[in-house]
Amino acid sequence: MVLYTLSLQATLESVSSIKWDDAEKLLCCTIQHPTDPSDVKEKVVVDFSELEEPTEERVANTSKPTHNAKKRGEKPCHFHVTWSDGTKGSVRVVQLNTPNDDVHSDEWFPVMSLECENAEPTAFYPLGKEFMVTNRSGTEYNNVDLSTGGWREYDMSSGDTSIIKLASKFS
């Protein structure tokens, strides 16, 4: 298993924290085979609301199991993939919302960690409404949609709060 961290970077105005909304359990990303970069699954939606149990692999055109995934020590995960060469891969969200209480403009900060086996996340696509933002005055904004690469809100008491030029990376 390899641990990948999804990090974000953006130009921020009056933002003190950004975190994944715990109510949103969907992650959209592109994954690739770790040894064959041409084997890619684009914009895969990973539902991490509950874990999927490993399944038994079956011999083609029969119902006889070749071996049991649980006996091989496979962990439950949030997404399974079968690559073109027949190998299996999996993605599991293992940590949300690493502390981001003092984010800074144009600096990278972690959002979540993924445990991957035979799968390498390469790109992140915000679906909308998966983030919570707190501005420097303490005002919280839920369901923040960063799918267009930015977001802006104006409040009479705290002024302009914005996120622009959103970038993401897995490392």
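**Note on an all-strand predicted model**

1. Trp151 is buried, at a relative accessible area of 13%; buried here means under 20% relative accessible area, exposed over 50%, and partly exposed in between (1.4 Å probe, protein chains only). Tyr141 is buried as well, with a relative accessible area of 11%. The ring centres of Tyr141 and Trp151 lie 5.2 Å apart and their planes stand at 65°, so the pair is edge-to-face. The cut-offs are these: rings of Phe, Tyr and Trp (its six-membered ring) pair if their centres lie within 6.5 Å, with planes under 30 degrees apart counted as stacked, over 60 as edge-to-face and the rest as tilted. Tyr141 belongs to strand β12 (residues 140–144) and Trp151 to strand β13 (residues 151–155), ten residues apart, and the pair links distant parts of the chain.

2. On the basis of the model: this is a predicted model, in which local features need pLDDT of at least 70 and side-chain atom pairs count only at pLDDT 80 or more, while totals for chains, interfaces and linings use all residues. Residues are numbered from 1 along each chain as its sequence is written, and side-chain values use heavy atoms, with hydrogens and water left out.

3. The chain has 14 strands and zero helices. Helices (H or I, at least four residues) and strands (E, at least two) are DSSP runs, numbered from the N terminus. Of the 171 residues of the chain, 40% count as buried.

4. An open sheet of three strands runs in the order β4-β3-β10, and its pairing is antiparallel. Two strands pair if DSSP finds at least two bridges between them. The edges are taken by β4 (40–47) and β10 (120–124); each has a single partner strand, so one side of each is left without a neighbour in the sheet. On average, neighbouring strands of this sheet are turned by 40° against each other, direction ignored; the axes are lines fitted to C-alpha atoms, for helices over the stretch in contact, and angles run from 0 to 180 degrees between N-to-C directions.

5. How many bridges join strand β3 to β10? Four bridges do, and β3 (residues 26–32) and β10 run antiparallel. Thr30 has Ala123 of β10 as its bridge partner.

6. Leu26, Val45 and Leu127 make a nonpolar surface patch of about 220 Å². Patches are made of residues with over 30% relative accessible area and no salt bridge; like charges are joined within 9 Å, and nonpolar side chains (Val, Leu, Ile, Met, Phe, Trp, Tyr) within 5 Å. Accessible areas come from the Shrake-Rupley method with a 1.4 Å probe, and for residues only the protein chains shown count as cover.

7. The structure holds two salt bridges, each being a side-chain nitrogen of Lys or Arg within 4 Å of a carboxyl oxygen of Asp or Glu. One joins the side chains of Glu115 and Arg92 (3.5 Å, N to O). This pair links distant parts of the chain, with Glu115 in strand β9 (residues 109–117) and Arg92 in strand β8 (residues 88–96), 23 residues apart. Glu115 counts as buried at 15% relative accessibility, whereas Arg92 is partly exposed, with a relative accessible area of 24%.

8. A salt bridge also joins Asp160 and Arg152 through their side chains (3.1 Å, N to O). Is Arg152 buried or exposed? Arg152 is exposed, with a relative accessible area of 51%.

9. The count of aromatic pairs comes to five. In one of them, Phe124 and Phe131, the ring centres are 6.5 Å apart and the planes stand at 90°, so the pair is edge-to-face. Phe124 is buried at a relative accessible area of 7%, and Phe131 is buried at 0%. Trp20, Phe48, Phe124 and Phe131 form one aromatic cluster.

10. Two backbone points may be checked against the model. Most residues other than glycine have a negative phi. Asn118, in the loop between β9 and β10, has a positive phi near 55° and is partly exposed, with a relative accessible area of 36%. Asn143 has a positive phi of about 55° although it is not a glycine. Asn143 is found in strand β12 and counts as partly exposed at 41% relative accessibility.
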